[in-house]
Amino acid sequence: MSLLRLALVVASATAAKKPPPKRVALVSFAAPWDYGPYAHQLRELAEHWLSTHHVVWIGLSGTVDRIQYGAPKISPLVGYRGAGMSKDPVKKVSKLNRIFEKEKIDFAITLCDLNNVGGDEAFVIPTIAWFPSHTGELDLASAHALRAYDAVAALSPSDARSIGRELPSKRVARIPHVVDGRKHVSIDDRVALRKKWKVPLDAFVPVMSFGNYASDDRKGVDVAALAYSDFCRSYQQPSYLYIRAVTINASIGHRMAASLPVESMFRAAGVPA
């Protein structure tokens with residue numbers, strides 16, 4: 001089941017006499033120009049819906065209090081505004097509802113962790129949580145927040161089952177993240193890049209890409225360093241690890257200090273320089 005179909009089902013069930021939704025809000029802590037999977041997924045969704053919907057991206061960490069157009073990395077037809085909650089420790093559904101009413105939003109989809117989203121009231125429009133669960137069973141904070149939603153799109157079958165058990169009254173579907181197979185690096189580009197960085201053409205090059213903002217090493221950088229070190233001891237051919245550790249939070253407009261000393265961690269794990 002696609003997100004659009006799920007949204008239409010929810011909309012028809014909760015507002016049978018209302019015309020089909022035309023204005024959709026995409027809500028996330030990520031901004032359109034951010035690096036990361038949530039921003040990428042919502043950019044894909046926004047581009048897909050532009051032919052039939054007016055798309056407004058609402059950044060939970062953003063401070064812009066009106067819809068603006070021309071945001072980087074996305075179509076100029078997509079509107080962007082902040083939620084005015086950048087300093088709020090808990091992002092309240094009630095505040096989002098006022099924005100939805102002001103901007104005349106018909107339905108909304110959120111893509112974000114829900115442990116600091118406060119379900120102080122139900123959403124006033126049909127709203128779907130495209131929900132990334134990070135635990136085996138649904139955590140209490142997320143379960144409380146999900147009660148404000150009309151439907152949940154889980155990323156995996158196990159998440160869908162867990163959410164269905166915890167919230168039997170909710171409509172739950174499994175909708176994984178998408179990958180755009182049209183965008184790729186050609187063989188010529190690959191050769192040029194390797195020559196530029198003096199990497200042998202036959203070398204094995206894995207990529208480690210993550211946001212470096214979790215000081216508790218939630219991303220498992222230490223495990224990755226030990227795993228690659230072990231791989232290097234057993235692999236007889238040349239290998240180069242490409243690490244992209246992003247420390248920019250473009251949503252609030254400043255550069256954050258790296259939370260983890262990535263280079264030191266890999267050196268301590270015994271990864272050859």
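**Overall architecture and confidence**

The protein has 273 residues, of which 44% are buried. Its secondary structure consists of eight helices and 14 strands. Taking contacts between residues at least 6 apart in sequence, 63% join residues at least 24 apart. The mean pLDDT is 85, and 85% of the residues reach 70 or more. Over residues 250–255, however, pLDDT stays under 50, and the model has 13 contacts beyond four places in sequence for this segment. Where pLDDT is low, predicted coordinates should not be read in detail.

**Cavity and pocket**

One cavity of 30 Å³ or more is present in the structure. The largest cavity has a volume of about 30 Å³. Its lining is formed by Val27, Leu60, Lys91, Leu96, Thr110, Cys112, Val117 and Tyr149. By class, six of the lining residues of the largest cavity are nonpolar, one is polar and one is charged.

The second largest pocket holds about 880 Å³ of space. It is lined by 23 residues, and those closest to its centre are Val205, Tyr240, Leu241, Tyr242 and Ile243. At least two lining residues come from each of helix 6, helix 7, strand 12 (242–246) and helix 8 (262–268). The lining of the second largest pocket comprises 17 nonpolar, two polar and four charged residues.

**Aromatic pairs**

Eight aromatic pairs are found in a search of the whole structure. In one of them, the ring centres of phenylalanine 204 and phenylalanine 231 are 5.4 Å apart and the planes stand at 45°, so the pair is classed as tilted. Phenylalanine 204 belongs to the loop between helix 6 (187–196) and strand 11 (207–211), whereas phenylalanine 231 belongs to helix 7 (residues 221–234); the pair therefore ties together parts that are 27 residues apart in sequence. Phenylalanine 204 is partly exposed, at 39% relative accessibility, and phenylalanine 231 is also partly exposed, with a relative accessible area of 25%.

**Selected exposed residues**

Helix 7 also contains arginine 233. This arginine 233 has a relative accessible area of 58% and counts as exposed, because the cut-off for that class is over 50%. Arginine 233 and proline 272 are separated by 39 residues in sequence, while their C-alpha atoms are 9.5 Å apart in space.

Two lysines have a positive phi, a value noted here in residues other than glycine. Lysine 73 is located in the loop between strand 3 (68–69) and strand 4 (79–82), and its phi is near 70°. Lysine 198 is located in the loop between helix 6 and strand 11, with phi near 55°. Phenylalanine 204 is placed in the loop between helix 6 and strand 11 as well. Lysine 73 is exposed, and so is lysine 198.

The relative accessible areas of the residues discussed above are listed below.

| Residue | Relative accessible area | Class |
|---|---|---|
| Lysine 73 | 55% | exposed |
| Lysine 198 | 71% | exposed |
| Phenylalanine 204 | 39% | partly exposed |
| Phenylalanine 231 | 25% | partly exposed |
| Arginine 233 | 58% | exposed |

Methods:
Residues are numbered from 1 along each chain as its sequence is written. This is a predicted model: local features need pLDDT of at least 70, side-chain atom pairs count only at pLDDT 80 or more; totals for chains, interfaces and linings use all residues. Side-chain values use heavy atoms; hydrogens and water are left out. On a 1 Å grid over the protein atoms alone, a cavity is a set of points where a 1.4 Å probe fits but cannot get out, and a pocket is an open set with protein on both sides within 12 Å along at least five of seven lines; lining residues have an atom within 4 Å of a point. Grid points are joined across faces, edges and corners, and a volume is the space filled by probe spheres set on the points. Ala, Val, Leu, Ile, Met, Phe, Trp, Tyr, Cys and Pro count as nonpolar, Asp, Glu, Lys and Arg as charged, and the others, Gly among them, as polar. pLDDT is the predictor's confidence in each residue, from 0 to 100. Contact means heavy atoms within 4.5 Å. Rings of Phe, Tyr and Trp (its six-membered ring) pair if their centres lie within 6.5 Å; planes under 30 degrees apart count as stacked, over 60 as edge-to-face and the rest as tilted. Helices (H or I, at least four residues) and strands (E, at least two) are DSSP runs, numbered from the N terminus. Buried means under 20% relative accessible area, exposed over 50%, partly exposed in between (1.4 Å probe, protein chains only).
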